[in-house]
Amino acid sequence: MISFPPNSPSPTPAAKLPRHHHDHNKNSNRHVPKAISISSPPPTITTTTTNHETTPLDQNDDAVAAFWDYQFLFISQRKETTQPITLLPVNGAVPPDFPKGTYYLAGPGLFSDDHGSTVHPLDGHGYLKSFHVAAAGEGNKEVQFMAKYVRTEAQMEEHEPETDTWRFTHRGPFSLLKGGRRVGNTKVMKNVANTSVLKWGRRLFCLWEGGDPYQIDHRSLDTVGRFGLIDDGGGGGEKKEKESHDAGGGGVDLWDVAAGLLKPILYGVFRMPPKRLLSHYKLDTKRDRLLTLSCNAEDMLMPRNNFTFYEYDSNFKLLQKQEFEIPDRLMIHDWAFTDTHYILFGNRIKIDVLGAIQAVCGLSPMISTLSVDPPSSSTSPIYLLPRFPENDDGGRDWRVPVEAPAPMWLLHVGNAFQTVDESGNAEIRVHAATCSYQWFNFTKLFGYNWRSGKLDPSAMNFAKESEYELLPHLVEVTINLHAADSGSTCDVAPLNQWNKATDFPIINPAFSGDRHRYVYAAACSGSRPTLPHFPFDTVVKMDVEEGSVATWTAPRRTFIGEPIFVPKPQYSSGPGEEDDGYLLVVEYAVAIQKCYLVILDPKRIGEGDDAIAARLEVPRELNFPLGFHGFWAPDDDDDL
């Protein structure tokens, strides 16, 4: 295990935090932005030029520098924009053929209040960023930046706009308040709308894992309000009858009785929504459909799960709704679909009785109620659920999972697709990021220690490089469904034999649900001995047909988030080459507390900085913490 120093003064000084400047139309803010683990700004450690060149200290990468760099990746940002700000390029220029549209990036913005409490990054209030690519005259393009908090119910309760001060009152699933109420605090489901973002049917949404999405004005980023997507189908319209599938059995079900007893407590006391909408959605580009997934609030405490899938057209008309009851206790964050199936990887969990008692008493976060439940065998269940029940599934019983020959915890899905041969045998391929049950820990995500309220980067970097299979990494899962006997086989292999820590796989969205050739993801180069696996600093491009790998790595002491593929306009009229487009990724230059939007040429990944089409600088006073998931939205008529 890598050892990091405690949060105390050290012989090697650490980077100085910029002073905060408040919104131009409000009173000046006296607060200095702070990282989760920092109680006061440390002294300067280095300087960097506008060309992103670093001083010789970067050659002396030690545990102290790594510790502070990690803290600065999660530094609160209280400032918001009132008008778009044009970003200045520090390298290159926005390519003339770059499509007009907006890159939206969701993520947390605030981790510390003004009364001594800190929160886990997953409980930080949603802070939405937008990068709008627009015409700038004479065939040029420019990028206009905006950033605002999502005005959720929790945000409006915890923020005092007149004084611009914060007092956390909601516990949130992953945090324990110091300055707020502990015992008897039932404000657990803190919907912060910080996880993902979607533009669909000319409406923009910020989503969270377990609550209604919030609708956002796509121009101003002002919050419109909570949107009951799974309550009434959003835009209304005639609904198709719900298809319900259960695990069989008859008579009185004791678990139904238990669920009936839990519902008043969860719905009433803890104010959990009956159905928890997951933050990950899918877009079926061939059918022009939005696919979403929810589970019941009581499922986390039951030895079974009820998953409901919804499919909407571009006007939010609910076209299909299916519910499946799976006799297993699962935690689903991301999922996949094909033309014929919904695909759920069985991340198994169990109840931690001691943790549950402590959580109810306000002595630990609510997430400590759960822990991972490693499979007793060397396999993992994968559920193939029929997407269209009226279609024959070869006599397969969906209740019986396909057993993948590897114990794995699914993190994120890049894509899945299905092919069928002349004999009716189907092959499903899924490209995804998985990790081991040993690596995934609910109470140590991002290295946040709820007891101290601080970040420990070693929690994300404990495995040796030779143990990469324990870390987040990309895999190809191949499932063969045999038409003759309704049987199945499954194989799991590292994608292109890439053995670095990797997550956030994405593809050209025009190929969603269809056969694709390229997978892009965020990875770690392993160049920093004290941060060998996380945070990420590299974009990796994998050619799954040729088995090749190409990479681009950000400058030293700079991290990156999830990449986003932006297709060129020809995909609106027909497919071109799959990698015709651009990649967008945010660089977090933590040593100087700056963010950059980087435009990469996918065809030139592997050619060093020649892959950079442009690097644009976000003003330092608007530097923001690590984002989670983003979305590219081409301009439509409403944007013109």
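Buried means under 20% relative accessible area, exposed over 50% and partly exposed in between, with a 1.4 Å probe and protein chains only. The model shown is predicted: local features need pLDDT of at least 70, side-chain atom pairs count only at pLDDT 80 or more, and totals for chains, interfaces and linings use all residues. Residues are numbered from 1 along each chain as its sequence is written, and side-chain values use heavy atoms, with hydrogens and water left out.

**View 1. Leu221 and Asp164, two non-glycine residues with positive phi.** Leu221 has phi of about 65° and sits in the loop between β10 (214–216) and β11 (223–226). Strands (E, at least two residues) and helices (H or I, at least four) are DSSP runs, numbered from the N terminus. Leu221 counts as buried because its relative accessibility is 2%. For Asp164, phi is near 50°, and the residue belongs to the loop between β6 (159–160) and β7 (165–166). Asp164 has 6% relative accessibility and therefore also counts as buried.

**View 2. The cis peptide bond from Phe534 to Pro535.** Omega of this bond is near 5°. Pro535 lies in the loop that runs between β31 (518–523) and β32 (538–543).

**View 3. The largest pocket, with a volume of about 1600 Å³.** On a 1 Å grid over the protein atoms alone, a pocket is an open set of points with protein on both sides within 12 Å along at least five of seven lines, whereas a cavity is a set of points where a 1.4 Å probe fits but cannot get out; lining residues have an atom within 4 Å of a point. Grid points are joined across faces, edges and corners, and a volume is the space filled by probe spheres set on the points. The largest pocket is lined by 49 residues, and those closest to its centre are Leu283, Thr285, Pro509, Phe631 and Trp632. At least two lining residues come from each of β8 (196–200), β14 (282–284), β18 (336–337), β24 (409–420), β30 (502–506), β35 (564–567) and β39 (630–634). By class, the lining of this pocket holds 25 nonpolar, 13 polar and 11 charged residues. Here Ala, Val, Leu, Ile, Met, Phe, Trp, Tyr, Cys and Pro count as nonpolar, Asp, Glu, Lys and Arg as charged, and the others, Gly among them, as polar.

**View 4. His412 and the annotated histidines.** In the unreviewed UniProt entry, the annotation "binding site" covers His245, His333, His412 and His629. Of these residues, His412 and His629 are included in the lining of the largest pocket. UniProt positions are given in the numbering used here, feature names are shortened, and annotations may be inferred rather than shown by experiment. His412 is placed in strand β24 and is buried, with a relative accessible area of 9%. Contact means heavy atoms within 4.5 Å. Leaving aside neighbours within four places in sequence, His412 is in contact with His280, His333, Asp334, Ala432, Ala433, Asp503, Phe504, Pro505 and His629. The side chains of His412 and Asp503 are joined by a polar contact of 3.0 Å. A polar contact is a pair of N or O atoms within 3.5 Å; within protein, one must be able to donate a hydrogen and the other to accept it, and residues adjacent in sequence count only if both atoms are side-chain atoms.

**View 5. His341 and its side-chain polar contacts.** His341 is found in strand β19 (residues 341–345) and is buried, with 2% relative accessible area. Its side chain makes a polar contact of 2.7 Å with the side chain of Thr340. The side chain of Gln418 makes another polar contact with that of His341, at 3.4 Å.

**View 6. Glu617 in strand β38 (residues 612–617).** Glu617 counts as buried, at 17% relative accessibility. Not counting residues up to four places away in sequence, Glu617 touches Leu87, Leu88, Val90, Lys594, Cys595 and Tyr596. With Lys594 there is a side-chain to side-chain polar contact of 2.8 Å. Thr86 is 531 residues from Glu617 in sequence, and the two are 9.5 Å apart in space, C-alpha to C-alpha.

**View 7. The largest cavity, with a volume of about 110 Å³.** Of the 14 residues that line this cavity, Arg276, Cys295, Leu330, Met331 and Ile332 are the closest to its centre. The elements giving two or more residues to the lining are β15 (289–296) and β16 (305–312). The lining of the largest cavity has nine nonpolar, two polar and three charged residues.
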